[in-house]
Amino acid sequence: QGNLEGGNRHGPVSSAPARPEAVGHLPAIFDRASVRSEESMTGGGPITVLEGVEGSQEIQIAGSEVPVEQLKTMEGKWFAEGFASPSVSYRTVAANPEFVKVALYDKSYFNSREKAQLNWAYGLNGGYRLSEKIKVKTGLNLSSYSIKFKTGGKFFEKKSASEYTLYTSFGEALISLTGVDDVPVETVIKSNIALHYVSVPLAIEYQLLKHTAISFGVNFESLRSQELNWESNDQNVDSDERVTQISGVNKRSISLSFGVVHEQTLFNNTSVLVNPIFLSHIKSPSSSGPYHAYPNSLGIRIGVRRYF
């Protein structure tokens, strides 16, 4: 590091060692200055110039060996960020050993009847830079996991005069039908089944390259709501249909995340983020069906981060 001194860019450049207190004031300077690099007019190597401090005044860091891009990220230790993310959600399934009626239901039943679905996630996070390579952050995120489900009348299990059961990988769905004695075998019924969560993430970013980091995190998720929108090709089945929620859905869940974060400086203390990220639940939402489902999603978070 070199000395901080005010004056014209073509003025003399000091090669004396920088004072610790001067270097310590860099964050405040960068709040008001722009940065460029040029060759010293008096020799002695390249200098970094901070323009825009108190009008036309310029401050030179003589003989600085710190790259301009690195100086631009020295604004502060704390940061806040927001993001929006399109994501594709699906699930992995594993047999439920407590479920005894397995004759009709195996993994191929669910894999052939359930398809991935596009969702959106949003979040506001705050964090702290522990070192040049490590950041930690937490916040509040909203996310959804959903699937497209389609099956036939053969798989309606009658529980009472007007109540039927359908099994999805997310659990047992109860459907109440008025004025229907039996559901015809040829009936086709479909739904978008969604679980909506609010989560608190705890994540670590580790800087690998100049603009690229990897992130690992754990998310503590709480179920906000669930959504089932049934449709049928049989108007007699569809007309008076009412559906309850999937039974036995856990209100709390935990997911793990892994991502790659690309951060590009926009101006002195603000950057744009592009973050491909994969999330996977380690706890099944429900144990009421023949299989346990573990929702997962793959998305790209686009966001803005500001340092303080």
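This is a predicted model: local features need pLDDT of at least 70, side-chain atom pairs count only at pLDDT 80 or more; totals for chains, interfaces and linings use all residues.
Contact here means heavy atoms within 4.5 Å. Residues are numbered from 1 along each chain as its sequence is written, and side-chain values use heavy atoms, leaving out hydrogens and water.

**Exercise 1.** Find where Ser287 lies and which residues it touches.

*Solution.* Start with the loop between β15 and β16 (291-307): Ser287 sits there. Strands are DSSP runs of E, at least two residues, numbered from the N terminus. Next, skip residues up to four places away in sequence, and you're left with Asn96, Gly248 and His292 as contacts of Ser287. Now look at Phe99: it is 188 residues from Ser287 in sequence, yet their C-alpha atoms are 8.7 Å apart.

**Exercise 2.** Is Ser287 buried, partly exposed or exposed?

*Solution.* Grab the cut-offs: buried is under 20% relative accessible area, exposed is over 50%, and partly exposed is in between (1.4 Å probe, protein chains only). Ser287 has 46%, so it counts as partly exposed.

**Exercise 3.** Work out how β14 is joined to β12 and β15.

*Solution.* Two strands pair if DSSP finds at least two bridges between them. First take β12 (residues 212-232) and β14 (residues 252-267): they run antiparallel, with 11 bridges, and Asn219 stands opposite Ser255. Then go to β15 (residues 270-281), also antiparallel to β14, with 10 bridges; here Gly259 faces Ile277. Finally, check the turn: two residues separate β14 and β15 in their hairpin.

Methods: Helices (H or I, at least four residues) and strands (E, at least two) are DSSP runs, numbered from the N terminus.
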